Amino acid sequence: MQLYNTLTKTVDEFVPVNGNRINMYTCGPTVYHFAHIGNLRSYIMEDALEKFLNYCGYEVKRVMNITDVGHLTSDADSGEDKMLKGAKREHKTVMEIAQYYTDAFFADCAALNIKKPETVVPATSLVPDFIHMVEVLLEKGFAYQAGPNIYFDTSKVPNYYALTGHDEDQLRIGVRDDVEEDTNKRNKSDFVLWFTQSKFEDQALKWDSPWGVGYPGWHIECSAISLHYLGEHLDIHCGGVDNIFPHHTNEIAQSEAYLGHPWCRHWFHIQHLNDHGAKMAKSAGNILTVSVLKEKGYDPLVYRMFCLQSHYRKPLEFSYDVLDNMAAAYSKLLGRVKNLKPEGQSVDEEKLQAYRQQFITLVGNDLNTSSGLTLVYDVLKDAEISDATKLAVIQDFDQVLSLDLCKLRDAEPETVDADLTTYVEQKIAERKEAKKAKDFAKADAIRAELLEKGIVLKDTREGTLWEKA
Ligand code: AMP
Ligand code: ZN
């Protein structure tokens with residue numbers, strides 16, 4: 001597979017360290033609020049990547065953290081604790097908030113056919129690992145204690161800005177800088193590994209540590225969780241582009257300082273979903289959730305298709321007009337798949353394999369899911385293959401697309417309960433008698449009575465038929 005790598009800034013051949021096995025790490029949600037559909041754009045594309053790698057025959061071991069401690073309202077080290085803010089808002093404990101929004105997140109993922117990673121780790125479950133990592137960084141001289149906190153010294157790593165390609169002053173151009181400078185820091189880009197004191201005295205979750213009772217900084221969790229579950233060499237690390245700096249930049253600095261060798265080979269970043277030109281963000285308040293889309297009558301998979309239609313490296317502008325077009329396209333596509341008539345036909349294995357190869361070439365070109373979708377339409381149009389082959393190919397592609405393309409075919413025919421049938425047939429018989437007796441008023445009344453109950457009568461040459469409206 002060819003995949004853009006934020007570290008090298010080129011589209012590289014993706015080669016795992018360990019033959020057929022791929023170690024993949026995903027930055028999970030900060031669970032103080034519902035995930036918005038922008039967050040979920042990132043998770044849909046990461047899911048498509050994982051499933052595509054599986055489709056190509058790789059075994060993917062994927063780990064995701066759940067940020068339930070340490071993420072402050074600024075992505076750097078200032079501002080209020082996001083979890084505490086959520087707890088105060090809803091008059092719940094931090095752990096109740098974390099559990100509630102973690103469950104809500106995975107329910108949204110399920111609605112979007114995003115597979116839950118095999119290992120999901122709440123940050124609060126691995127604090128001893130974080131402490132150990134900070135101890136090693138102090139021992140090796142990459143960290144220092146200043147005032148009440150432990151900081152990472154970014155001047156000690158040779159290429160701190162490798163991922164961004166820019167230094168911090170350039171990165172901060174246009175960013176509102178209304179947070180006070182932390183005078184304990186030796187360098188502006190240094191970041192907190194362990195807090196024993198922050199401005200917010202009522203920090204809810206605290207742990208004992210060699211430096212006093214406190215709590216971890218945000219970045220340390222992903223490095224430590226990844227090292228714990230995936231070992232010293234990571235094949236691929238994913239997240240939205242806002243994670244490139246400072247979060248992933250800091251992860252690289254501390255992981256490589258700890259290990260003493262390069263850590264993650266490939267960095268996969270998804271561009272933002274925008275709303276009226278601005279990044280959809282929980283803090284900006286311009287968020288849409290899966291529940292809102294459902295309330296408005298959209299199948300969540302329409303949103304998945306909307307994401308797959310666009311390339312992950314391009315910003316995606318949300319609009320209901322485009323979503324409406326996508327809903328129409330999706331329902332038409334399901335209808336076309338439903339109308340295939342494979343009964344009694346055989347699947348042309350050679351054609352199936354040829355289409356598989358084509359799909360791999362197209363999608364394997366920097367995760368071009370949109371070309372993969374176009375190929376579904378080409379398959380449906382192909383006059384040289386049977387419906388059975390079409391269906392087999394589409395089911396095969398759907399392992400990656402996960403759009404439930406066969407869902408109308410697979411739906412059970414609606415069962416009509418026996419009592420209703422007896423009742424309606426009795427009414428039809430009464431109506432027939434009434435008509436015979438030329439009591440048309442009664443016959444019409446029976447029709448109206450049934451219609452009120454959602455039953456439509458149709459008089460045909462074969463007699464009166466009925467269906468649910
Ligand atoms: P958070 O819950 O804020 O930690 O973010 C979860 C994931 O969503 C991270 O990978 C972010 O980079 C990503 N993300 C945040 N906002 C957006 C957006 N508007 N579009 C796409 N991805 C986003
Ligand atoms: Zn992370």
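**A first look at the protein and ligand 1**

Glu50 has its place in helix α1, where helices (H or I, at least four residues) and strands (E, at least two) are DSSP runs numbered from the N terminus. This is a predicted model, in which local features need pLDDT of at least 70, side-chain atom pairs count only at pLDDT 80 or more, and totals for chains, interfaces and linings use all residues. Residues are numbered from 1 along each chain as its sequence is written, chains are lettered from A and ligands numbered from 1 in the order in which they are written, and side-chain values use heavy atoms, with hydrogens and water left out.

**Around Glu50**

- Glu50 counts as buried because its relative accessibility is 2%; buried means under 20% relative accessible area, exposed over 50%, and partly exposed in between (1.4 Å probe, protein chains only).
- Setting aside neighbours within four places in sequence, Glu50 is in contact with Met24, Val60, Arg62 and Lys115, contact being heavy atoms within 4.5 Å.

**The whole protein**

- The protein has 16 helices and 16 strands.
- Its C-alpha trace spans about 100 × 55 × 40 Å along the principal axes.
- Of the 469 residues in the protein, 51% are buried.
- Take the contacts with a separation of 6 or more: 75% of them are between residues 24 or more positions apart.

**Where ligand 1 sits**

- Ligand 1 is surrounded by 18 residues, and the closest are Gly38, Ser42, Asp242, Leu273 and Met280; a residue is near a molecule or strand if one of its heavy atoms lies within 4 Å of it.
- The side chain of Asp242 has an N or O atom 2.4 Å from an oxygen atom of ligand 1, and the side chain of Thr30 has one 3.0 Å from an oxygen atom of the ligand.
- On its own, ligand 1 has 490 Å² of accessible area, and the protein covers 95% of that.
- Two or more residues of the shell come from each of α1 (37–55) and β10 (234–240), and α1 gives the largest share, four residues.

**Helix α2**

- In α2 (residues 82–90), Lys82, Met83, Leu84, Gly86 and Ala87 are buried, and the buried residues of this helix pack against α3 (94–111).
- Asp81 caps the N-terminal end of α2, with a side-chain oxygen 2.7 Å from the backbone nitrogen of Met83.
- After α2 comes His91, with a positive phi near 50 degrees.

**Leu373 in helix α12**

- Leu373 is found in α12 (residues 369–381), and it is buried, with a relative accessible area of 1%.
- Not counting residues up to four places away in sequence, Leu373 touches Met305, Leu308, Gln309, Leu401 and Leu403.
- Asp398 is 25 residues from Leu373 along the chain, and their C-alpha atoms are separated by 9.5 Å.

Key
A polar contact is a pair of N or O atoms within 3.5 Å; within protein, one must be able to donate a hydrogen and the other to accept it, and residues adjacent in sequence count only if both atoms are side-chain atoms. Accessible areas come from the Shrake-Rupley method with a 1.4 Å probe; for residues, only the protein chains shown count as cover.
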